[in-house]
Amino acid sequence: MRWKGIALIALLVLSVIAAGCINGSENSGLKEATLVVFHAGSLSIPFQQLEKEFSDYAEKNLGYKVTFQDEASGSVAAVRKVTDLGKKADVVGVADYTLIPQLMVPNYTDFYVIFATNEIVIAFTEESKYADEMKAHPEKWYEILARDDVSFGFSDPNQDPCGYRSVMVMKLADYYYDKPIFETLVERNTNIYFNGSMVVAPKDIQIKNDRVVIRPKETDLTALVESGSLDYFFIYKSVAEQHNLSYITLPNEINLKDFNKADFYGKVSIYIGSTGKVIKAKPIVYGVTVPKDAPNSELAMEFLKYLLGENGRRVFQENHQDFIWPPVAFGNVPDEIKPLVKVEG
């Protein structure tokens with residue numbers, strides 16, 4: 001009898017374990033997937049929040065345990081990873097939407113969506129030289145940046161839209177203030193130059209002194225300013241807000257924010273040595289796409305739906321960035337996102 005009792009207990013224990021295994025497999029019966037996202041550095045903070053929220057959403061509603069593999073870079077570099085290096089991504093998000101039709105359509109994607117805007121500001125901290133004067137007299141920004149004891153930075157125009165936009169802002173300032181600001185701030189400090197009709201950013205940008213710092217993407221400069229090793233830098237307003245930096249806004253005629261000033265912006269173009277393309281100054285608009293060979297295209301489209309809907313709008317507003325509502329889609333727009341966007345051409 002004693003052995004029968006032990007056998008019965010053993011059988012009960014095995015039954016409990018088996019039931020646990022079955023329930024465990026049911027509970028963890030989620031499919032696993034990794035979404036690879038190449039994106040502009042200025043999208044890092046809102047995308048991190050979006051991805052965390054989407055992971056929770058996918059687990060509850062889509063039956064997927066999603067992890068994200070993010071690669072933040074300048075937007076030109078992000079696109080060239082796909083077009084030049086043959087790397088595969090599920091989502092590509094850029095700070096200048098025109099890079100997608102210029103460099104990715106039709107071989108690498110056949111649609112894109114514009115979804116957010118921004119503006120160029122000059123950011124700094126309380127430790128930056130002449131910070132109080134910059135705050136009190138923001139109209140003197142170009143005089144302060146030109147002082148011999150002041151350092152300032154912008155990102156690499158060959159890799160990053162914030163870089164070529166910053167350079168174009170300084171050229172637009174020539175026309176707005178009727179002063180040689182571009183020559184003073186750009187040509188004297190780098191080998192970027194104006195050839196009479198457009199700004200030229202050579203493939204190999206050289207810096208002539210220690211007054212100017214150039215880094216691959218705009219967010220690389222944030223730590224330098226925060227540590228006090230750089231006084232000022234040209235950056236998107238949303239990034240300055242996200243990092244609690246002081247900043248001055250620039251006139252609408254040069255900050256690339258105002259759609260009503262598009263004609264004035266268009267007076268300036270820049271030749272980008274890395275791509276051989278000429279880019280005309282225009283209002284800042286972000287774009288996103290899912291490449292044709294995305295490894296997880298269906299799930300990528302679900303993420304895109306999350307980004308382009310109310311959740312994306314909320315997350316961007318929480319992170320101090322204006323969202324285009326509704327987002328506007330171009331090309332062979334997938335049916336899945338059509339209810340969320342305005343389809344153009």
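Let's start with K60, a residue of helix α2. Before going on, keep in mind that what you're looking at is a predicted model. Is K60 buried or exposed? Its relative accessibility is 71%, so K60 counts as exposed.

Now zoom out. The protein chain has 345 residues, of which 51% count as buried. Its C-alpha trace spans about 100 × 45 × 35 Å along the principal axes. You can trace 13 helices and 16 strands in the chain. Look at the contacts with a separation of 6 or more, and you'll find that 70% of them come from residues 24 or more positions apart.

The chain is divided into two domains: domain 1 takes residues 32-117 + 285-343, and domain 2 takes 120-280. Their C-alpha centres lie 27 Å apart. Each domain brings 22 residues to the contact between them.

How much area do domain 1 and domain 2 bury between them? It comes to about 1700 Å², with 58% of it on carbon and sulfur atoms. On the domain 1 side, V76, Q102 and H320 stand out: they supply 26% of the area that domain 1 buries against domain 2, more than any other three residues.

What about polar links across this interface? There are 8 residue pairs in polar contact between the two domains. Several elements of domain 1 each supply at least two residues to the side that touches domain 2, namely α2 (44-61), β2 (64-73), α3 (75-83), α4 (99-104) and β14 (285-289). Helix α3 gives the most, with 4 residues. Sorted by class, this side of domain 1 has 10 nonpolar, 10 polar and 2 charged residues.

The count of salt bridges between the domains is 1. The partners are D96 and R165, whose closest N and O atoms are 3.9 Å apart. D96 sits in the loop between β3 and α4 while R165 is in helix α7, so this pair ties together parts that are 69 residues apart in sequence. Both D96 and R165 are buried.

Helix α3 deserves a visit of its own. Why is α3 largely enclosed by the rest of the structure? Because 8 of its 9 residues are buried. They are S75, V76, A77, A78, V79, K81, V82 and T83. These buried residues pack against β1 (31-40), β2, β3 (91-94), α4 and α7 (161-177).

One of them, K81, has a charged partner. K81 forms a salt bridge with E71, the closest N and O atoms being 2.9 Å apart. This pair joins helix α3 to strand β2, with K81 and E71 10 residues apart. K81 has a relative accessible area of 13% and is buried, and E71 is buried too, at 18%. E71 also meets K87 in a salt bridge, at 3.3 Å from N to O. Since K87 lies in the loop between α3 and β3 and E71 in strand β2, the pair ties together parts that are 16 residues apart in sequence. K87 is partly exposed, with a relative accessible area of 34%.

These are some of the 21 salt bridges in the structure. A few residues even join up in a network: E53, R314 and E318 are linked by salt bridges.

Finally, back to helix α2, where we began. A polar atom of the S44 side chain lies 2.9 Å from the backbone oxygen of G41. Setting aside residues up to four places away in sequence, S44 touches H39 and A72. The side chain of S55, for its part, reaches the backbone oxygen of V66 at 3.2 Å. With neighbours within four places again left out, S55 is in contact with V66 and F68.

How values were computed
Residues numbered from 1 in each chain as written. Predicted model: local features only at pLDDT ≥ 70, side-chain atom pairs only at ≥ 80, totals over all residues. Heavy atoms only, no water. Domains from an automatic or database assignment. Contact = heavy atoms within 4.5 Å. Buried area = accessible area lost by both parts, 1.4 Å probe. Salt bridge = Lys/Arg side-chain N within 4 Å of Asp/Glu carboxyl O. Polar contact = N/O pair within 3.5 Å; in protein donor to acceptor, adjacent residues only side chain to side chain. Nonpolar A, V, L, I, M, F, W, Y, C, P; charged D, E, K, R; others polar. Buried < 20%, exposed > 50% of the residue type's maximum accessible area, 1.4 Å probe, protein only.
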